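Subject: Structure handover

Hello,

Here is the structure I promised to pass on. Please open it first, then read my notes below.

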Amino acid sequence: MSARNLMKGDLAAWTITLAWIFAILFGLMLLIGAPFGEAIQGFLSGAFGGRRFAFLMATLSRATLIIGMALSVMLSFRAGLFNIGGEGQLVAGGLVSALVAIMLPGPPLLVLVVAILAGMAAGAAWALLAGVLQVYVGVPILVGSLLLNFPIRFIASYLVAHPFRDVASGMVQSHLVPQETWLPFLPGVRLDIGILLIAVVAILTIVYSYRTVHGYHARLNGLSGEFARAVGLPVTKLTLQTLAMSGAIAGLVGAIAVFGIHHRYIDGMLVQPLYAWTGIIAVLLVGMIPWLVPISGFFFAMIQTGAAGMERAAEVPKEIALVMQAVIILFVASRVSGALISPPATDKEDVGDA
Amino acid sequence: MHAALHGIRVRFGPLVAVDDVSVDIAAGKILAVVGENGAGKSTLMNVLFGLIKPDAGRVEVDGRDRQWSSPQDAIKAGLGMVHQHFMLQEDMTVLENIVLCGEPVKWFGMVDFAAARRKLADGFSQHGIAIDLDAKVGSLAVGQKQVVEILKMLYRDASVLILDEPTAVLTPQEKDRLFAILRSFAAAGKSIVIITHKLDEVMEIADHVTVMRGGKLVSSLPLGETSKDRIAREIVGGELPPPIRAAAREPGNIVLSVKGLTVAGQGTQVGPVDFDIRQGEIVGIAGVSGNGQAELIQALAGLRPTASGVIELGGKRIEALHVPERRLAGLSYIPEDRQRVGLALGATVAENANAGRDDVGAFSRGPFIDRTAMARFARSLIDRYRIKVRGPASLASTMSGGNKQKLVVGRELSRETPLVIAENPTWGVDIGAIELIHTELMRMRDSGHAVLLVSTELDEVLRLSDRVLVMYSGLLSEPIPAAKADRNTVGRLMTSRSGDARQAA
């Protein structure tokens, strides 16, 4: 499942895949009688256009969160840890960072930094909980991390619905975090600097995956847990440390959503847009190859904002756009999954030499 | 019913797994097919059952040539097979499992369980079977699960029953019960085929014995015309390859000492076992696979918890240590399964070569890996062990089996630890790789390392070992010095509890 295999791929097969995707999209359009040209144009402007590129900024803002979650998931998946609790870790990070910023007095920059770090710590702790359940109690990480999504969601709902609710707003949401702690926009555009933080995280995780001893060991564990155990890698330590890193990144994403976009914790704001799940799909789509993850994350953000644009421009219902997204994922996945879930190569010579 | 195989030949690539074998399965008789691992017995029976299409030869049932396109055809024709690994739905009841795929149907497609019960009740009384039809299969003991498998065939009126290693996981009592049922089946006119390598059981139950070795039929005789010794000889057969041992040398201090070690195995207990290995000697553990060797090795390597007993490595107790600490204490491990345990196939040769090195500092700077140093080390292994691969950056999966194994052996032996554990180190590799691996193990011995060799290849054990232990049913025999270890002695211990095996220990 190396990058080379993926990129080399056979061109013909990819062409056929693309042809299928377009054929099905076209068929869907025909079915609902939407003008194809307008729809495409609506998609492109929805994803990249708008006045002063407002829609492009929306795409990038969404991409920031999706890529962040994808990087978080990638670390776990590459280490063979099927941590699908990104959502819970994201919520924990967003919630804790928002509450810290609301309650902690002090200079805004310090409050912001402490709040972000607290959010990362909360995400890490929530991920570690799933790790501890696996290592010491025997709950598989897949199950434990998934189930831990629910309590934290309800804890967050409760906290912003009761003790920390901004009652005057009439919504189920916390008070605003101090305005001075909001992440500033990049010069000239309506895009907060959260994207820079995620860019740094992307570089760090890619370097970590390819170049560090820890990343090397984690990947060996991901390729074969039995191998990692037999050659004496510290599997338990690797597991817990990797999960903590994953969770910390998810927590950071939650904090970015709070300080960059919503400026408070709104019930469901991190759950409904399915950031965590989109991140998982984005990682699987590129077979967990680190440097492709940001591109894949951007691709999904683009499809989502583009679909909204298509709805506006060509009156293609968003549901149809979502069906299209699913079609694209299925086809691309069917091309890539060979590299992803194919059984380990058998050494045929074994039979021959036996 | 009478079934027969004529001139069956099966090839897997260049390997001829079954070579021109003919077998006759008579009604009302119990046929035992025996041989070493890889002798082709399971392959042969898979041909009879329609799981493998033969390249040559024909399957005959009741005088008619048959061509199976799938096992379904064979089942319809009255054949039934119980595989070594049970094919049962654990969450369903015994009755549901039995009628699965052969459900008696009432109106509207309802399953007529009452009819199924009536049908089974007849079989129960006839063959003396007792089982709770409403129990969940997952809650049954292994022996009872096997009964369920057999009932599945009884329910479908199979008249030829093939059982692949039926006693591998059974306790002696469960085995007795199974044999009673099989005898009763035979008396009712069914044909039974048992694939096994346990000679005691062959002598106990078979009417006719077919011995296979290296894919060929060695002999096929009524039990009365052969003997246990003769069968044991025929199983191992052939001449021993020339010994490559240099002059015997005086072994040094004890490196590994195992006292009263017991390990929980699959449904059984392995041990207690006691043995020592000294510097400069190879101790070989012979035995048919599945007699507890895997559990013992995993317990020594730290991959499986020990139940009781002491393991001392270089005078230090290691039974409570984790794998990394044990390796640091002076242990290397060449695992049997290079595909999953020995190598990470999705990683490169260099990444595999450097995994588990004690001197992480040699290929890292701070937290970063030094790919040049990793490649250099991999290159040294490639040259030293004559590994055929494009280079350190190639994926491990691109190597052939023999070269994969050489990489595993090279990585472990290059650590130069006092103790080397080699588990079937030449399983499924070509002659060249076998020679190289054997030579390297001998070199380790000669330079004063202690080597524990566990192998199901009797020849390999006899060729390399200074002392031989035989493992049977989770227990070890007394050590046999190389001079006294011959095929017959060891072969007998491998297949039965007789001889001077220390069974009470």
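Start with B:Val193. B:Val193 touches B:Ile25, B:Leu31, B:Val33, B:Met45, B:Leu161, B:Ile162 and B:Leu163, leaving aside residues up to four places away in sequence. Contact here requires C-beta atoms, placed from the backbone, within 7 Å.

Some ground rules. This is a predicted model, where local features need pLDDT of at least 70 and side-chain atom pairs count only at pLDDT 80 or more, while totals for chains, interfaces and linings use all residues. Residues are numbered from 1 along each chain as its sequence is written, and chains are lettered from A and ligands numbered from 1 in the order in which they are written.

**The core**

B:Val193 is also among the residues with the most contacts inside the largest nonpolar core, together with A:Val283 and B:Ile421. That core has 256 residues. A nonpolar core is a set of buried Ala, Val, Leu, Ile, Met, Phe, Trp, Tyr and Cys residues joined through C-beta atoms within 7 Å. Buried means 20 or more other C-beta atoms within 10 Å of a residue's own; exposed means 12 or fewer; partly exposed lies in between; the C-beta atoms are placed from the backbone.

**The two chains**

Chain A has 16 helices and zero strands. Chain B has 17 helices and 23 strands. Both kinds of element are DSSP runs, numbered from the N terminus: helices are H or I with at least four residues, strands are E with at least two.

Of the 354 residues in chain A, 50% are buried. In chain B, 49% of the 505 residues are buried. The C-alpha atoms of chain B fill a box of roughly 75 × 50 × 45 Å along the principal axes.

Chain B is assigned domain 1 (3-236), domain 2 (250-330 + 417-505) and domain 3 (345-416). These bounds come from an automatic or database domain assignment. The C-alpha centres of domains 1 and 2 of chain B lie 33 Å apart.

**A six-stranded sheet in chain B**

This open sheet has the strand order 6-7-8-3-9-10, with mixed pairing. Its edge strands are strand 6 (79-82) and strand 10 (216-222) of chain B, each pairing on one side only. Two strands pair if DSSP finds at least two bridges between them.

Strand 3 (residues 30-34) and strand 8 (residues 191-196) of chain B run parallel, joined by five bridges. B:Ala32 has B:Ile194 in strand 8 of chain B as its bridge partner. Helix 8 (residues 228-236) of chain B packs on the sheet and touches strand 3, strand 9 (208-213) and strand 10 of chain B.

**Strand 13 of chain B**

Strand 13 (residues 281-286) of chain B is mostly covered, with six of its six residues buried. On one side sit B:Glu281, B:Val283 and B:Ile285; on the other, B:Ile282, B:Gly284 and B:Ala286.

Strand 13 of chain B has six bridges to strand 20 (residues 450-455) of chain B, and the two run parallel. B:Glu281 stands opposite B:Ala450 there. Strand 13 of chain B also pairs in the parallel sense with strand 21 (residues 467-472) of chain B, over four bridges. In that pairing, B:Ala286 stands opposite B:Val470.

**One residue in chain A**

A:Leu322 is found in helix 15 (residues 318-341) of chain A. Is A:Leu322 buried or partly exposed? A:Leu322 is partly exposed, because 13 other C-beta atoms lie within 10 Å.

Best wishes

Technical notes:
Contact = placed C-beta atoms within 7 Å. Axes fitted to C-alpha atoms, helices over the stretch in contact; angles between N-to-C directions.
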